[in-house]
Amino acid sequence: MKAVITRLPATAWSVIIVIASLNSSENLNEIKFDIPGLDKMVHFIMYGVLSFLLLWTVDKVSKTRLKLQNLIVVILVSSGFGILMEILQKTLTTVRNFDIYDIIANIIGILLGCGVYVIRFKPFK
């Protein structure tokens with residue numbers, strides 16, 4: 001039961017990303033945000049939080065200390081998930097597009113999220 005509860009935050013956050021990524025953004029057009037780069041900041045934050053939660057989950061569920069391989073897997077899985085969301089936006093929606101700069105923002109957020117986790121919790125002692 002503890003393992004299920006431990007996995008819940010990362011799973012819920014992943015579902016939120018899927019919904020936000022594949023949902024039509026037409027409703028957002030009614031609200032005008034005139035902040036340059038806001039879209040990229042949102043990607044940066046969403047994937048930074050995702051990688052932090054995934055690393056936390058792996059660290060808590062693992063029976064041994066977190067290893068560098070775990071960190072690499074979290075980075076690769078998070079990045080792959082972000083790329084998949086961009087591809088699905090292009091193929092499954094009519095109003096969303098594939099954007100390489102979103103992927104770059106995702107990856108920078110992923111690296112920062114993992115970095116914050118490592119600095120905060122020092123899992124590699």
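This is a predicted model: local features need pLDDT of at least 70, side-chain atom pairs count only at pLDDT 80 or more; totals for chains, interfaces and linings use all residues.
Contact here means heavy atoms within 4.5 Å.

I'll start with the inside. The largest nonpolar core has seven residues in all: Ile-17, Met-46, Tyr-47, Leu-50, Phe-81, Met-85 and Ile-110. Two elements give two or more residues to this core, namely α2, spanning 38–61, and α3, spanning 68–92. Of the elements, α2 gives the most, with three residues.

Now take one member of that core, Ile-110. Which residues does Ile-110 touch, not counting those up to four places away in sequence? They are Tyr-47, Gly-48, Ser-51, Ile-75, Ser-78 and Ser-79. Of these, Tyr-47 is also listed in the largest core.

Apart from that core lies another, made of six residues, including Leu-71, Val-74, Cys-114 and Tyr-117.

Ile-83, Ile-87, Phe-98, Ile-100, Tyr-101, Ile-104 and Ile-108 form a nonpolar surface patch of about 650 Å². The elements giving two or more residues to the patch are α3 and α4, the latter running 100–121. Which element gives the most to the patch? That is α4, with four residues.

Last, Ile-108, which lies in helix α4. Why does Ile-108 count as partly exposed? Its relative accessible area is 46%, and partly exposed covers the range between the 20% limit for buried and the 50% limit for exposed. As background, nonpolar side chains in soluble globular proteins tend to be buried together. Ile-108, at 46%, is partly exposed instead, and belongs to the nonpolar patch.

Conventions: Residues are numbered from 1 along each chain as its sequence is written. Side-chain values use heavy atoms; hydrogens and water are left out. A nonpolar core is a set of buried Ala, Val, Leu, Ile, Met, Phe, Trp, Tyr and Cys residues joined through side-chain atoms within 4.5 Å. Buried means under 20% relative accessible area, exposed over 50%, partly exposed in between (1.4 Å probe, protein chains only). Patches are made of residues with over 30% relative accessible area and no salt bridge: like charges are joined within 9 Å, nonpolar side chains (Val, Leu, Ile, Met, Phe, Trp, Tyr) within 5 Å. Accessible areas come from the Shrake-Rupley method with a 1.4 Å probe; for residues, only the protein chains shown count as cover. A salt bridge is a side-chain nitrogen of Lys or Arg within 4 Å of a carboxyl oxygen of Asp or Glu.
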